[in-house]
Amino acid sequence: MSTHNNTDPRAELKRKAAIEAADMVREGMVVGLGSGSTSAFMIEELGRRWAEGLRFSAIPTSERSAEQARSHGIRLVTFATHPQIDIDIDGADEVERGSLNLIKGLGGALFREKIVAAASRKFVVVVDDSKLVDRLGARVPVPVEVSTFGWTSTARQIEALGARITQRLDRSGNVFVTDGGNMILDCHFGEIADSAKLQAQLAPIVGVIETGLFIGRTSEVIVATAGGLQKLVAA
């Protein structure tokens with residue numbers, strides 16, 4: 001792995017934090033591989049350690065992460081043979097100070113990411129300090145993965161909870177489709193006073209597959225700052 005200074009200093013910080021998280025992986029573990037730019041650094045580091053002889057099994061949260069892991073020769077498995085994950089390492093779009101509740105899914109893999117997080121003994125989140133907020137929703141919307149069938153009906157029910165909704169598009173301007181074949185509604189609530197309550201309101205809506213609110217799941221957050229790495233645990 002190259003150790004030269006990245007042209008983006010924030011990316012270099014995330015890389016250092018991702019390496020710190022990858023160092024938690026031990027011989028024989030089952031590892032959840034997150035998605036997104038921070039997770040890509042982590043998978044790269046795990047690939048380097050794999051080349052040095054470390055052996056573990058991995059369950060990726062997206063097709064992109066799976067492809068990157070395969071390129072390093074990392075052994076991929078499924079829940080059919082490995083129902084319990086020892087450690088899941090992933091990024092986040094926002095981390096709420098104190099509770100360590102998260103918003104995830106701006107990259108589009110939130111459903112698989114939550115399945116993997118829920119099956120993990122330890123869920124470690126890697127971010128830079130720009131992702132820390134006092135209240136979730138301060139800077140980013142809540143991604144909600146929904147069925148394409150009847151999605152406008154689903155959207156109206158979410159709007160009734162106070163959201164301003166935009167339909168996720170891909171870079172070509174077409175409707176974004178998740179690895180599971182669903183679509184994503186980006187739901188702008190503003191600062192969320194009670195994220196657990198909002199999750200409880202969104203989950204029962206028919207047509208909602210999963211939300212990007214990760215409540216009470218985080219074991220530890222590794223935060224990359226200009227002054228070094230910080231580790232946070234839930235209050």
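These exercises work through a predicted model, each with its solution.

**Exercise 1. The largest nonpolar core**

Find which residues of the largest nonpolar core touch the most other members, and which elements build that core.

Solution. 
- Step 1. Start with the members. The largest nonpolar core holds 27 residues. Leu46 and Phe56 touch the most other members.
- Step 2. Now trace the elements. Two or more residues come from each of helix 1 (9-22), strand 1 (30-33), helix 2 (37-51), strand 4 (85-90), strand 7 (120-128) and strand 14 (220-225).
- Step 3. Pick out the main contributor. Helix 1 gives the most, with six residues.
- Step 4. Look around Leu46. Leaving out residues up to four places away in sequence, Leu46 touches Ala22, Val25, Val31, Leu33, Phe56 and Ile74.
- Step 5. Turn to the other core. A second, separate core has 21 residues, including Val140, Ala155, Met183 and Cys187.

**Exercise 2. The annotated residue**

Locate the residue that the UniProt annotation "active site" covers, and decide whether it is buried or exposed.

Solution. 
- Step 1. Read the record. In an unreviewed UniProt entry, the annotation "active site" covers Glu113.
- Step 2. Glu113 is found in helix 4, which spans residues 110-118.
- Step 3. Apply the cut-off. Buried means under 20% relative accessible area. Glu113 has 4%, so it is buried.
- Step 4. List the contacts. Beyond residues up to four places away in sequence, Glu113 touches Ser35, Thr61, Asp88, Asp90, Lys104, Gly105 and Phe214.

**Exercise 3. Salt bridges across the chain**

Solution. 
- Step 1. Side chains of opposite charge can pair when their charged atoms come close.
- Step 2. Get the total. The structure holds 14 salt bridges.
- Step 3. Take Arg10 and Asp129. Their closest N and O atoms are 3.1 Å apart. Arg10 is partly exposed, at 36% relative accessible area. Asp129 is partly exposed too, at 31%.
- Step 4. Take Lys122 and Glu220. Their side chains meet in a salt bridge of 3.9 Å, N to O. Lys122 is partly exposed, with a relative accessible area of 32%. Glu220 is buried, at 11%.
- Step 5. Take Arg168 and Asp186. The N to O distance in this salt bridge is 2.8 Å.
- Step 6. Check for shared partners. Salt bridges that share partners join Arg10, Asp128 and Asp129 into one network.

**Exercise 4. A patch on the surface**

Name the residues of the nonpolar surface patch that includes Val175, and place Val175 in the chain.

Solution. 
- Step 1. Name the members. Leu169, Val175 and Val177 form the patch. Together they have about 250 Å² of accessible area.
- Step 2. Val175 has 37%, so it is partly exposed.

**Exercise 5. Two single residues**

Describe where Val30 and Leu100 lie, and whether each is buried or exposed.

Solution. 
- Step 1. List its contacts. Not counting residues up to four places away in sequence, Val30 touches Ser57, His82, Gln84, Ile85, Asp86 and Ile87.
- Step 2. Val30 and Asp194 are 164 residues apart along the chain, and their C-alpha atoms are separated by 33 Å.
- Step 3. Leu100 counts as buried, at 2% relative accessibility.
- Step 4. Check the backbone. Phi of Leu100 is near 60 degrees. That is a positive value in a residue other than glycine.

Definitions and conventions. Residues numbered from 1 in each chain as written. Predicted model: local features only at pLDDT ≥ 70, side-chain atom pairs only at ≥ 80, totals over all residues. Heavy atoms only, no water. Core = buried A, V, L, I, M, F, W, Y, C linked by side-chain atoms within 4.5 Å. Buried < 20%, exposed > 50% of the residue type's maximum accessible area, 1.4 Å probe, protein only. Helix = DSSP H or I, 4+ residues; strand = E, 2+ residues; numbered from the N terminus. Contact = heavy atoms within 4.5 Å. Patch = residues over 30% accessible without salt bridge, like charges linked within 9 Å, V, L, I, M, F, W, Y side chains within 5 Å. Areas by Shrake-Rupley, 256 points an atom, 1.4 Å probe, with all protein chains shown as cover. Salt bridge = Lys/Arg side-chain N within 4 Å of Asp/Glu carboxyl O. UniProt positions renumbered as here; feature names shortened; annotations may be inferred.
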